Amino acid sequence: MFKESARHLGLRKKLVEELRKMGIQDERVLAAIGKIPRHAFIDSIFEEQAYANCAFVIDEEQTISHPYSVAFQTELLELKSDDKVLEIGTGSGYQASVLAEMGVNVYTVERIKSLYTKSRDMLMSLGYALVRTKLGDGFKGWEKYAPFDKIIVTAAAPEIPQNLKDQLAVGGKMVIPVGDETASRTESQQIMLLIEKNEDGSFSETQKGGAAFVPMLKGKELNSRFS
Ligand code: SAH
């Protein structure tokens with residue numbers, strides 16, 4: 001378990017101010033980041049740096065995204081209370097907790113079993129028990145609960161998965177980093193896209209700058225690579 005101290009609170013406040021300076025304006029996003037104990041999602045050896053604005057390796061060689069990426073992608077979604085939001089790539093569960101803290105209905109899918117289990121337990125212990133978690137391949141989306149008002153993909157996809165387009169509600173928005181799998185972690189070779197589904201079923205696409213995410217991979221992984 002993790003401990004919360006006045007120091008953590010202070011560091012979080014500083015992080016929020018930094019994000020504000022970097023251009024994040026949605027106060028609800030900033031309030032959620034200001035509230036969630038990011039250090040709980042990070043290996044305790046990195047605890048000191050938990051509130052630095054950078055990405056970290058979690059288990060299974062995956063990463064917890066940059067606070068700026070989390071804030072930026074979340075802001076692009078223009079969340080409304082009661083939105084149904086699908087996240088692909090639960091990872092540590094940090095992004096899911098930011099969404100849950102903002103009062104939306106969260107559905108999150110992770111392909112690696114150990115991360116799915118750990119993040120599910122973490123979300124539960126932080127009081128985000130209403131977040132629905134699934135072990136599965138995000139390329140398939142989550143048909144059972146579709147359509148979603150918003151979709152956030154936190155791994156770099158080779159292209160926009162058709163199932164996710166199909167599962168987006170009309171008038172809905174999806175944010176997704178797209179780029180060659182082999183180019184992952186290489187800034188500028190991935191592009192953050194904002195996709196909107198129009199009334200006639202067509203899609204509008206806006207580029208929102210470069211991105212650096214781990215690759216979105218097909219299939220599930222049931223065994224840890226490290227045990
Ligand atoms: N949102 C996470 C960070 C994600 S890192 C957080 O807040 O911590 C990207 C995650 O996407 C990894 O955990 C990786 O295993 C997962 N992933 C990659 N491809 C996927 C797929 N097809 N379906 C579901 N999850 C996937």
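**Note on pockets, salt bridges and ligand contacts**

1. Glutamate 199 sits in the loop between S8 and S9. The model is a predicted one. With a relative accessible area of 72%, glutamate 199 is exposed, because the exposed class begins over 50%.

2. Proline 67 belongs to helix H3 and has 0% relative accessibility, so it counts as buried. Between the C-alpha atoms of proline 67 and glutamate 196 there are 24 Å in space; in sequence these residues are 129 apart.

3. The largest pocket holds about 710 Å³ of space. Its lining is made of 43 residues, and those closest to the centre are Thr63, Ser65, Thr154, Phe213 and Val214. Two or more lining residues come from each of strand S2 (63-64), helix H3 (67-76), strand S3 (84-88), helix H4 (94-101), strand S4 (105-110) and strand S9 (203-211). Which element gives the most to this lining? H3 does, with four residues. By class, the lining of the largest pocket comprises 21 nonpolar, 15 polar and seven charged residues.

4. The second largest pocket has a volume of about 250 Å³. There are 14 residues in its lining, and Phe41, Asp43, Ile58, Asp59 and Lys118 lie nearest the centre. Helix H5 (residues 113-125) supplies the largest share of this lining, four residues. Eight of the lining residues of the second largest pocket are nonpolar, three are polar and three are charged.

5. On the ligand: there are 28 residues around it, and Gly89, Ser92, Glu110, Gly138 and Leu217 come nearest. The side chain of glutamate 110 has an N or O atom 2.6 Å from an oxygen atom of the ligand. For aspartate 137, an N or O atom of the side chain is 3.0 Å from a nitrogen atom of the ligand. The backbone also takes part: a polar backbone atom of leucine 217 lies 2.6 Å from a ligand nitrogen.

6. The salt bridges number 10. One of them joins the side chains of arginine 111 and glutamate 221, at 3.1 Å from N to O. This pair connects distant parts of the chain, 110 residues apart, with arginine 111 in the loop between S4 and H5 and glutamate 221 in the segment after S9. Are the two partners buried or exposed? Both arginine 111 and glutamate 221 are buried. For arginine 111 the relative accessible area is 14%, so the residue is classed as buried, the limit being under 20%. The side chain of arginine 111 also has a polar atom 2.8 Å from the backbone oxygen of glycine 219.

7. Lysine 173 and glutamate 196 form another salt bridge, in which the closest N and O atoms are 2.9 Å apart. Lysine 173, at 13% relative accessibility, counts as buried, whereas glutamate 196, at 25%, counts as partly exposed.

How values were computed. Residues numbered from 1 in each chain as written. Predicted model: local features only at pLDDT ≥ 70, side-chain atom pairs only at ≥ 80, totals over all residues. Heavy atoms only, no water. 1 Å grid on protein atoms, 1.4 Å probe; cavity = no way out; pocket = protein on both sides within 12 Å on 5 of 7 lines; lining within 4 Å. Points joined across faces, edges and corners; volume = space filled by probe spheres on them. Nonpolar A, V, L, I, M, F, W, Y, C, P; charged D, E, K, R; others polar. Salt bridge = Lys/Arg side-chain N within 4 Å of Asp/Glu carboxyl O. Buried < 20%, exposed > 50% of the residue type's maximum accessible area, 1.4 Å probe, protein only. Near = heavy atom within 4 Å. Polar contact = N/O pair within 3.5 Å; in protein donor to acceptor, adjacent residues only side chain to side chain.
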